[in-house]
Amino acid sequence: MKVLLLKEPRESDSEADPYIKELASCGHTAALIPVLSFSFVCLKELLERLFEPERFGGLIFTSPRAVEAVRICLDSNTHTHKWDAVKDKWNEKSVYVVGKATASLVEDLGLHPLGEETGTADTLSLLILKRENEDILPLLFPCGSIKRDVLPTALRASRVPLETLTVYQTSEHPDLHKNITDYFTQQGVPASVAFFSPSGVSFCLDLVKRLSGSQLEQIQFAAIGPTTADALHSHGLMIRCCAEKPTAKHLAAAITQALHTATPDP
């Protein structure tokens, strides 16, 4: 069955995106449409903080894009050499992450991530609160312009010091509406549409509804996690496929189960 994934393709090597691969292994044909556009900001400030690990009690990364901002800062021979001299000092502290994708990118920087199994910022905040207290130096939290306040609120409520720094701005992809319209025109209405962020829901859902027309109720809407599922629920949609964990394998399993249930055997 056809599955539309409203997400950015994996930016790494020549391998197929893991979501495409997992869905194909379940017998589905998936397509990706990028939803968001990113621009990086405050990189000078970020670089200064990266070379001052003695000022902080650790690092927090809740998105691959925040790690990419670090990589951009370090993308020169001079900075790479300096990074080699300080990354061990960061590894003496806690480097917290959400999800396997972010953990993998953090490992590429030579850091040792904690919390990849947490899956959400909510769960990560619980892990941090188990390990840290108000006596530590501030945790450095590079983040995007659109972020939930769950983690900062939880840490500050327990007096765990936190320094946030916005390192990228998020906006709608300039070709989003054209690409979605072209997909529906050429491929028809997909069996499932998967969303990967509340921003994606805001930017895409009305158009998907309009293009689906009378077939809207046939679509199994999927969410990568509970926060995105809540955004879909707020628009009045019934969500039966929410990934147990934010991984390609878990999302493919959720979509497959929902499609199988929706299409009973004759």
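Biologist: Which elements do the buried residues of α7 pack against?
Modeller: The buried residues of α7 pack against β4 (58-61), α6 (121-131), β7 (139-144) and β8. Packing here rests on contact, meaning heavy atoms within 4.5 Å. Helices are DSSP runs of H or I with at least four residues, strands are runs of E with at least two, and both are numbered from the N terminus.

Biologist: Before we continue, what kind of model is this?
Modeller: This is a predicted model, in which local features need pLDDT of at least 70 and side-chain atom pairs count only at pLDDT 80 or more, while totals for chains, interfaces and linings use all residues. Residues are numbered from 1 along each chain as its sequence is written, and side-chain values use heavy atoms, with hydrogens and water left out.

Biologist: Back to the helix. Which are the buried residues of α7?
Modeller: They are L151, P152 and L155. Seen down the axis of α7, these buried residues fall within an arc of 95°, so they line one face of the helix. The arc is taken from the directions from the helix axis to the C-beta atoms. Buried means under 20% relative accessible area, exposed means over 50%, and partly exposed lies in between, with a 1.4 Å probe and protein chains only.

Biologist: What comes just after α7?
Modeller: R159 does, with a positive phi of about 65°. R159 sits in the loop between α7 (150-157) and β8 (162-172). With a relative accessibility of 61%, R159 counts as exposed. As background, most residues other than glycine have a negative phi.

Biologist: What about C42, what is its phi near?
Modeller: Phi of C42 is near 55°, which is positive in a residue other than glycine. C42 belongs to the loop between β3 (36-40) and α2 (43-50). Its relative accessibility is 34%, so C42 counts as partly exposed.

Biologist: And α6, which residues are buried there?
Modeller: L124, S125 and I128 are buried in α6. They cover an arc of only 105° around the axis, which puts them on the same side of α6. The face turned away from that buried side carries the exposed residues L126 and K130. The buried residues of α6 pack against β4, β5 (94-97), β6 (113-114), β7 and α7.

Biologist: Is L176 buried or exposed?
Modeller: L176 is buried, at a relative accessible area of 0%. The residue is placed in helix α8 (residues 176-187). Leaving aside neighbours within four places in sequence, L176 contacts I33, P34, V35, F203 and C204.

Biologist: New topic: α11. Where its end C-alpha atoms are concerned, how many Å are they apart?
Modeller: They are 21 Å apart, which agrees with the 21 Å that the 15 residues of α11 (residues 248-262) should span at 1.5 Å a residue. The expected span is 1.5 Å times one less than the number of residues.

Biologist: Which residues of α11 are buried?
Modeller: A248, L251, A252, A254, I255, A258 and L259 are buried in α11. They cover an arc of only 160° around the axis, which puts them on the same side of α11. The exposed residues K249, Q257 and H260 are carried on the face turned away from the buried side.

Biologist: What covers the buried residues of α11?
Modeller: The cover includes β1 (2-6), α1 (18-25), β9 (192-195), β10 (220-223) and β11 (241-242).

Biologist: With which residues is C242 in contact?
Modeller: C242, in strand β11, is in contact with A223, G225, P226, A229 and A254, leaving aside neighbours within four places in sequence. C242 is partly exposed, with a relative accessible area of 32%. The C-alpha atoms of C242 and G225 are separated by 5.8 Å, although the two are 17 residues apart along the chain.

Biologist: Finally, how do the residues lining the second largest pocket divide?
Modeller: They divide into 7 nonpolar, 2 polar and 2 charged. Ala, Val, Leu, Ile, Met, Phe, Trp, Tyr, Cys and Pro count as nonpolar, Asp, Glu, Lys and Arg as charged, and the others, Gly among them, as polar. The lining includes F221, M238 and R240. On a 1 Å grid over the protein atoms alone, a pocket is an open set of points where a 1.4 Å probe fits, with protein on both sides within 12 Å along at least five of seven lines, and lining residues have an atom within 4 Å of a point.
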